[in-house]
Amino acid sequence: MILIAGDSFTAETRFALWHDYLINPSQKKLNVARHGVGNIFIAESIKRVVEQNRIKACLVIWSEMDRLDKAESKVKAKMYTGLSGKIWNHYGNMVSGEAKADWKNLGYDKVVAMNEEAIDYTHNLLEQFEIPYAYSFINDSDLVPERFKVDAIKPFIGDYAVEKQMLEDDDDHANTECHKEYADILRTSITGKNIERIINE
């Protein structure tokens, strides 16, 4: 089974996305991406699946580095997801205006550090389980550590959509043509790697 993870650039929607064009349709895949989530939740969703299933490969597009996700006992945010018996509230960036007390207590730098730790943990986990993986980010940013950028597939899909003016009506997300082109970019980037053979079986 191929594991797919990310935020709204990867979550199921009304039209085909990059992974639909990239992965052989005969392959079984599990898409745990959700709209509005951040990297802390993305990491947790990958962890839950990897620990309980046989995963052949993982493809993930990480979100922004300053989004706050929290596992709590009840719904507190506009965007939330149930996972492993808990409610994960997705508070977005600090400018969202949600979870003001949490942002005040944690501080902006701490939230960014939590995102970085979540990505590090996930990459280490996938390597520990010897699962081939490839990753990218939705946007380039000074908040994305250079060590992550080195192995990330570039360009990043959000930046590519803006540059090519291939946006949905919301002017924020890539349209279906962009997803199709981005799948070709991903395909070229993983050529010759073990993950290429797996997703094309």
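Select D120 first: this residue is partly exposed, with a relative accessible area of 25% (buried means under 20% relative accessible area, exposed over 50%, partly exposed in between, with a 1.4 Å probe and protein chains only). The model is predicted, so local features need pLDDT of at least 70 and side-chain atom pairs count only at pLDDT 80 or more, while totals for chains, interfaces and linings use all residues. Residues are numbered from 1 along each chain as its sequence is written, and side-chain values use heavy atoms, with hydrogens and water left out.

R147 forms a salt bridge with D120, and the closest N and O atoms are 2.6 Å apart (a salt bridge is a side-chain nitrogen of Lys or Arg within 4 Å of a carboxyl oxygen of Asp or Glu). R147 lies in helix α5 (residues 146-151) and D120 in helix α4, so the pair ties together parts that are 27 residues apart in sequence. Helices (H or I, at least four residues) and strands (E, at least two) are DSSP runs, numbered from the N terminus. R147 is partly exposed, with a relative accessible area of 43%.

A search of the whole structure finds 14 salt bridges. E44 forms a salt bridge with R48, with 2.8 Å between the closest N and O atoms. E44 counts as buried at 14% relative accessibility, whereas R48 is partly exposed at 30%.

Select D20 and K29 for another salt bridge, its closest N and O atoms being 2.8 Å apart. D20 is partly exposed, with a relative accessible area of 31%; K29 is also partly exposed, at 28%.

Then pick D7, E64 and R67, which are linked in a network of salt bridges. R67 lies in the loop between β3 and β4 (68-72) and counts as buried at 14% relative accessibility.

A cis peptide bond, with omega about 0 degrees, joins K154 and P155; P155 is in the loop between α5 and α6. S84 is not a glycine, yet has a positive phi of about 55 degrees. Find S84 in the loop between β5 (79-83) and β6 (86-92), where this residue is partly exposed at 45% relative accessibility. E130 likewise has a positive phi of about 55 degrees without being a glycine. E130 lies in the loop between α4 and β7 and is exposed, at 72% relative accessibility.

End with D169, in the loop between α6 (157-163) and α7 (176-189). D169 is exposed, with a relative accessible area of 78%.
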